[in-house]
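This report walks through selected local features of one chain. Please keep the sequence and the model open while reading.

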Amino acid sequence: MEVSSGNGIDRNKAMVEQLQRYGIFNSKKVAEAMEKVDRGLFVPAGTPAYVDSPMAIGYNVTISAPHMHAMCLQLLEKNLQPGMHALDIGSGTGYLTACFALMVGPEGRAVGVEHIPELVTSSIKNIEKSEAASLLKQGSLSINVGDGRQGWPEFAAYDAIHVGAAAREIPQPLIDQLKPGGRMVIPVGNVFQDLKVVDKNLDGSLSIRNETSVRYVPLTSRDAQLRGT
């Protein structure tokens with residue numbers, strides 16, 4: 001799928017509409033967030049921003065394809081209501097964290113965690129050019145340097161947690177930081193990976209199901225990420 005005509009925001013809107021037509025998602029709130037956050041501001045210059053494909057962004061990291069972002073946003077929609085807290089592990093370019101921020105609004109909290117400092121710096125610059133800039137300035141949206149496997153305890157517990165890299169198993173700190181009634185979407189596996197939907201029940205027990213087969217970069221240490229191992 002490629003959208004090639006019009007200016008950035010028009011091409012972004014056309015991309016979102018095509019994903020809806022292809023049945024990737026059907027949520028109006030997800031569509032509104034994705035239409036407001038121009039993907040073209042979050043990919044390297046000269047790359048085809050509106051193609052439904054992952055893109056390399058350096059440091060052995062990719063930005064997920066738009067259909068994966070749409071799928072994850074729809075899976076988390078009920079946990080991204082105004083005032084809720086959302087955590088984005090492996091926030092990369094900042095794109096999905098910005099979408100989270102628009103959905104939870106100024107009374108909520110959207111937190112990105114990325115272990116490559118250079119990506120944190122560039123993602124903040126990306127967000128400053130986007131519709132989410134005011135939320136970054138106001139403080140309800142933040143991007144932090146850290147090991148995502150440890151979560152971000154400062155603003156826990158989280159209604160929604162998204163993990164943008166594949167874990168061998170679900171990290172316990174993320175389970176601990178998920179609010180009862182909350183939902184986490186995380187790819188799990190090594191060569192063969194499943195996108196798992198983890199719901200924490202009100203009694204603290206977990207309900208886990210597989211949504212689809214996926215291929216993500218590994219959730220690992222900064223050094224291993226840079227080595228590509």
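At what angle do helix α1 and helix α2 pack, and how far apart are their axes?

## Packing of α1 and α2

Helix α1 covers residues 8–21 and helix α2 covers residues 28–36. They pack at an angle of about 155°, and their axes lie 8 Å apart. That angle makes α1 roughly antiparallel to α2. The crossing of α1 past α2 is right-handed. From α1, the contact takes in Ile9, Asn12, Lys13, Met15, Val16, Glu17, Leu19 and Gln20. From α2, Ala31, Met34 and Glu35 take part. By class, the contact has six nonpolar, two polar and three charged residues.

Some terms need their cut-offs. Helices (H or I, at least four residues) and strands (E, at least two) are DSSP runs, numbered from the N terminus. Axes are lines fitted to C-alpha atoms, for helices over the stretch in contact, and angles run from 0 to 180 degrees between N-to-C directions. Angles under 35 degrees count as roughly parallel, over 145 as roughly antiparallel, 65 to 115 as roughly perpendicular and the rest as oblique. A crossing is right-handed if the near helix is turned clockwise from the far one by less than a right angle, and left-handed if anticlockwise. Contact means heavy atoms within 4.5 Å. Ala, Val, Leu, Ile, Met, Phe, Trp, Tyr, Cys and Pro count as nonpolar, Asp, Glu, Lys and Arg as charged, and the others, Gly among them, as polar.

## Basis of the model

This is a predicted model: local features need pLDDT of at least 70, side-chain atom pairs count only at pLDDT 80 or more, and totals for chains, interfaces and linings use all residues. Residues are numbered from 1 along each chain as its sequence is written, and side-chain values use heavy atoms, with hydrogens and water left out.

## Helix α3 and the cysteines

Helix α3 spans residues 66–76 and is mostly covered.

The structure holds zero disulfides (pairs of cysteine sulfur atoms within 2.5 Å). Cysteine 72 is in none, and its nearest cysteine sulfur, that of cysteine 99, is 11 Å away. Cysteine 72 has a relative accessible area of 2%. Cysteine 99 is likewise in no disulfide. It is buried, at 0%.

## Isoleucine 186 in β7

Strand β7 (residues 178–189) holds isoleucine 186. This residue is buried, with a relative accessible area of 0%. Leaving aside neighbours within four places in sequence, isoleucine 186 is in contact with Val163, Ala167, Ile170, Pro171, Asp194, Leu195, Lys196 and Val198. Threonine 97 is 89 residues from isoleucine 186 in sequence and 15 Å from it in space, C-alpha to C-alpha.

## Backbone features in loops

Where does tyrosine 59 sit? It is in the loop between β1 (55–58) and β2 (61–63). Tyrosine 59 is partly exposed, at 36% relative accessibility. Asparagine 60 is in the loop between β1 and β2. Asparagine 60 also has a phi near 60°, and it is partly exposed at 44%.

A cis peptide bond joins alanine 156 and alanine 157, with omega about 10°. Alanine 157 lies in the loop between β5 (141–145) and β6 (158–163).

Definitions and conventions. Buried < 20%, exposed > 50% of the residue type's maximum accessible area, 1.4 Å probe, protein only.
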